[in-house]
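Hello,

Here is the structure I promised to hand over.

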Amino acid sequence: MGDEHNFPALKNDLIIRAAWGQYTEKVPVWIMRQAGRYLPEFQEFRKKHSFFEICRTPSYACEVTLQPLRRFDLDAAIIFSDILVIPQALGMEVEMRPGVGPVLPEPLKTPESLCKLNYPCDVYKELGYVFEAITLTRHKLEGKVPLIGFAGAPWTLMCYMIEGGGSKTMSLAKGWLYRWPTESHKLLTLLTEVIVDYLVGKIKAGAQLLQVFESNAEYLGPSLFDKFSLAYLTRIKQQVCERVKAENLPKVPMILFAKGSCSVINTISSAGYDVVSLDWTIAPKAARYIVSDNTSLQGNLDPCALKANVAEIELMVEKMVQSFGTQKYIANLGHGIYPDMSPESVAVFVNSVHKVSEKLNKNSENSP
């Protein structure tokens, strides 16, 4: 499918090789939320266009996706979009309110609300603008770096759909798991089916890697995580791979980011993803010890660390890369970049990853 778009040849495949566990001469690096609010050029663009107007207009989404690539020596682009486009496709209203974040004015309150969802959902009809943005961006990238597509995980989407926005406890969504477990599984299954269709559509459109965001993993203990998160994350990976094989699509690496999942990191790798992305609350060496040798790792500098001075950022990057090692590793932050971060600090982070990892590789090759 990818060939019929006549995409330009890829010039930098570092992140793809790292994801597949192949040798890399230096560590690839990208940043979650790298296209967005911390960049002055994005802030200027936002003055003219609403958040979801950018998401729904392929040329706008493409432009914003490319903005950080013009500033930094990044090894991947990630399409500008939002995980909540799936609830929108299911017929729920989502607003992006300044200073508040995403708000769903009419959340799901009881299982009876499920009948209001636009399901079955045709993702090509409802989310075709995302696929168009991916195809356009692949061409505009001119093969400079690979393009990442992403989706929110079922549990994380369920939280927003029930809570009506962010929450410090997710007590409404967790309440469903205890009070209405059967209906919760019904909702999670529904979301899983839509997410699989959505991710496969992204591969068809030209995405070269996929990341699944389980941003609300931290609200679940081990038992609830296994039942209401891990089971569906595993199903997503399996079904995407089955569809890729059945439809003769390009094989793409899949990354799983489950924030706050230290307590269940031993089970995370059992979901079968090619890369496990870590937040900043786990030591790299501990993750290396626990996670399967066949799995690459991604992460995990504390986003707030970019507020440190240049020398301190360089030192933290050096320690991080040394701890992870230079192979089967993709450098990133432990969560999305904060809006008040300096672009200059981002440049230090990105450049330091390359410099340190190249030096470590060279020393390793020259060692007896």
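**Cavities, sheet and pocket**

P8, L10, R138, L141, G143, V145 and Q208 line the largest cavity. Before I go on, please keep in mind that this is a predicted model, in which local features need pLDDT of at least 70 and side-chain atom pairs count only at pLDDT 80 or more, while totals for chains, interfaces and linings use all residues. Residues are numbered from 1 along each chain as its sequence is written, and side-chain values use heavy atoms, with hydrogens and water left out.

Back to that cavity. On a 1 Å grid over the protein atoms alone, a cavity is a set of points where a 1.4 Å probe fits but cannot get out, and lining residues have an atom within 4 Å of a point. The largest cavity has a volume of about 40 Å³, a volume being the space filled by probe spheres set on the points, with grid points joined across faces, edges and corners. Its lining comprises 4 nonpolar, 2 polar and 1 charged residues (nonpolar: Ala, Val, Leu, Ile, Met, Phe, Trp, Tyr, Cys and Pro; charged: Asp, Glu, Lys and Arg; polar: the others, Gly among them).

How many cavities of 30 Å³ or more are there? The count is 2. The second largest cavity also has a volume of about 40 Å³, and A258, S261, C262, I265, S277, L278, D279 and I282 line it. By class, that lining has 5 nonpolar, 2 polar and 1 charged residues.

Now the sheet. It is open, with 7 strands in the order β1-β4-β5-β6-β7-β8-β9 and parallel pairing. β1 and β9 (329-333) stand at the edges with a single partner strand each, so one side of each has no neighbour in the sheet. Helices (H or I, at least four residues) and strands (E, at least two) are DSSP runs numbered from the N terminus, and two strands pair if DSSP finds at least two bridges between them.

Helix α10 (residues 181-205) packs on this sheet, touching β4, β5 and β6 (254-258), and its direction makes about 170 degrees with that of β4. Contact here means heavy atoms within 4.5 Å; axes are lines fitted to C-alpha atoms, for helices over the stretch in contact, and angles run from 0 to 180 degrees between N-to-C directions.

Strand β4 (residues 147-152) is worth a look on your screen. Of its 6 residues, 6 are buried (under 20% relative accessible area with a 1.4 Å probe, protein chains only). L147, G149 and A151 lie on one side, with I148, F150 and G152 on the other. Strand β1 (residues 77-78) joins β4 through 2 bridges, with A77 partnering L147. On to β5 (residues 209-214), β4 has 5 bridges, and G149 stands opposite L210.

Helix α4 (residues 58-71) has buried residues too, including P58, A61, C62 and V64. Their cover includes α2, α3 (51-56), β1, α7 (128-141) and β4.

Last, the largest pocket, a pocket being an open set of points with protein on both sides within 12 Å along at least five of seven lines. About 1,200 Å³ of space lies in it. Of its 38 lining residues, R33, R37, D82, M96 and P102 are the closest to the centre.

Best wishes

Notes. Buried means under 20% relative accessible area, exposed over 50%, partly exposed in between (1.4 Å probe, protein chains only).
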